[in-house]
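Visitor: I would like to learn how to read a few features of a protein model. Could we go through them one by one?

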Amino acid sequence: MIAPTVLAIPIFLSMIIIEALYSHFTHSDEYKDTRDTASSIGVGLASIVWGALFGLATYQIYEFCYSLAPFKFPADAWWSWVLLFFADDFAYYWFHRVSHESRLFWNFHVVHHSSKRYNLSVAVRQSWFGGMVHWIFYAPLMLAGFSPWMFVTMHGLNLIYQFWIHTRFIDRLGILESVLNTPSHHRVHHGINKEYLDKNYAGVLIIWDRLFGTFSRESREPEYGILKQLETYNPVLINTHSWSETWSALKACRTVRDALRVLFLSPYLAATRSETDK
């Protein structure tokens with residue numbers, strides 16, 4: 001089946017163009033770096049191809065897990081979809097959180113954060129190789145009895161929701177801020193200011209961050225990007241630079257324990273430790 005995110009590509013591109021035009025006519029600098037925008041879109045389009053290749057294998061894993069489920073949720077029952085919405089969003093929170101708090105998984109996710117800009121084009125700046133690992137967090141949903149096609153549909157809608165929150169042109173949304181992930185909340189997530197690091201992992205619902213202590217309000221304009229800013233527009237380097245850094249760190253390890261720390265320690269803690277050791 002075709003994922004909803006693929007079907008939404010024309011909408012994504014149209015909204016990026018509209019936001020870029022709005023930015024131009026309001027004299028904002030959000031799209032001033034045209035090479036950055038082009039690299040984000042290029043990385044995103046290529047990620048569709050890579051995602052389809054990994055998706056073929058991933059879907060087989062999901063089918064196998066579903067075959068083991070002792071109970072199957074009926075696809076024609078509204079309550080199945082409500083439960084799946086919450087289950088998928090909960091799984092996304094933990095996938096996203098681990099992707100920030102473990103260097104191994106961060107190596108995939110860092111692609112999305114590697115732009116110094118914050119606009120709708122950044123939403124499509126996605127890892128080419130993330131499909132190798134993200135299934136680990138979602139396979140339990142199939143074991144729980146949700147069919148793979150139901151999951152792909154719901155998860156696709158979750159990701160489509162997250163597209164529009166990558167903008168600086170929408171301010172606070174009142175009472176919705178207490179329940180939903182909003183542009184304000186997600187700007188915090190992309191911020192590299194000390195108080196914003198490792199915050200607001202939400203997909204659709206911000207309630208998970210409030211519940212598990214990872215929520216932060218937007219108190220000032222964030223600085224965007226990554227702690228060690230990437231100075232390239234090359235799509236290949238954007239997808240591989242973190243792996244190269246990890247490999248260099250692993251070669252310097254003297255013990256297995258040190259190697260495990262490199263692979264699984266938080267990237268932020270690892271960076272802080274490196275600065276302390278200097």
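Visitor: Which residue lies over the face of tyrosine 66?
Guide: This is a predicted model, and in it lysine 72 lies over that face, at 5.1 Å from the ring centre of tyrosine 66. Another charge over a ring is that of arginine 210: its charged end sits over phenylalanine 215, 4.1 Å from the ring centre.

Visitor: How is a pair of aromatic rings described?
Guide: Two values are used: the distance of the centres and the angle of the planes. Here the count comes to 27 aromatic pairs. In one of them, tryptophan 50 and phenylalanine 54, the ring centres are 6.2 Å apart and the planes are at 25 degrees, so the pair is stacked. Planes under 30 degrees apart count as stacked.

Visitor: Where do tryptophan 50 and phenylalanine 54 sit in helix α3?
Guide: They are four residues apart in helix α3, and therefore separated by about one helical turn. Tryptophan 50 has 32% relative accessibility, so it counts as partly exposed. Now take tryptophan 128 and phenylalanine 129, an edge-to-face pair with 6.2 Å centre to centre and 85 degrees between the planes.

Visitor: Is tryptophan 128 buried or exposed?
Guide: Tryptophan 128 is buried, because its relative accessible area is 12% and the cut-off for buried is under 20%. Phenylalanine 129, at 18%, also counts as buried.

Visitor: Which rings are linked into a cluster?
Guide: Ring pairs join Tyr62, Tyr92, Phe95, Phe105, Phe137, Tyr138 and Phe151.

Visitor: Which residues touch the most other members of the largest nonpolar core?
Guide: That core has 30 residues, and the ones in question are Tyr62, Tyr138, Leu141, Met142, Phe146 and Phe151. Two or more residues come from each of α3, α4 (78-101), α5, α7 and α8. Phenylalanine 146, leaving aside neighbours within four places in sequence, is in contact with Tyr66, Phe73, Ser80, Leu83, Leu84, Ala87 and Leu141. Apart from the largest core lies another, of eight residues, including Tyr31, Leu120, Ala123 and Phe163.

Visitor: How many residues does helix α3 have, and what does it reach from its first C-alpha to its last?
Guide: Helix α3 covers residues 34-68, which is 35 residues, and reaches 49 Å, close to the 51 Å expected. A kink of about 35 degrees is centred on glycine 55.

Visitor: What covers the buried residues of α3?
Guide: The buried residues of α3 include Asp36, Val43, Tyr62 and Tyr66. Among the elements covering the buried residues of α3 are α5 (103-113), α7 (135-143), α8 (148-163) and α11 (235-251).

Conventions:
Residues numbered from 1 in each chain as written. Predicted model: local features only at pLDDT ≥ 70, side-chain atom pairs only at ≥ 80, totals over all residues. Heavy atoms only, no water. Expected span 1.5 Å × (residues − 1). Bend = angle between axes of the 7 residues up to and from the residue. Buried < 20%, exposed > 50% of the residue type's maximum accessible area, 1.4 Å probe, protein only. Contact = heavy atoms within 4.5 Å. Phe/Tyr/Trp six-rings, centres within 6.5 Å; stacked < 30°, edge-to-face > 60°. Lys NZ or Arg CZ within 6 Å of the ring centre and 35° of its normal. Core = buried A, V, L, I, M, F, W, Y, C linked by side-chain atoms within 4.5 Å.
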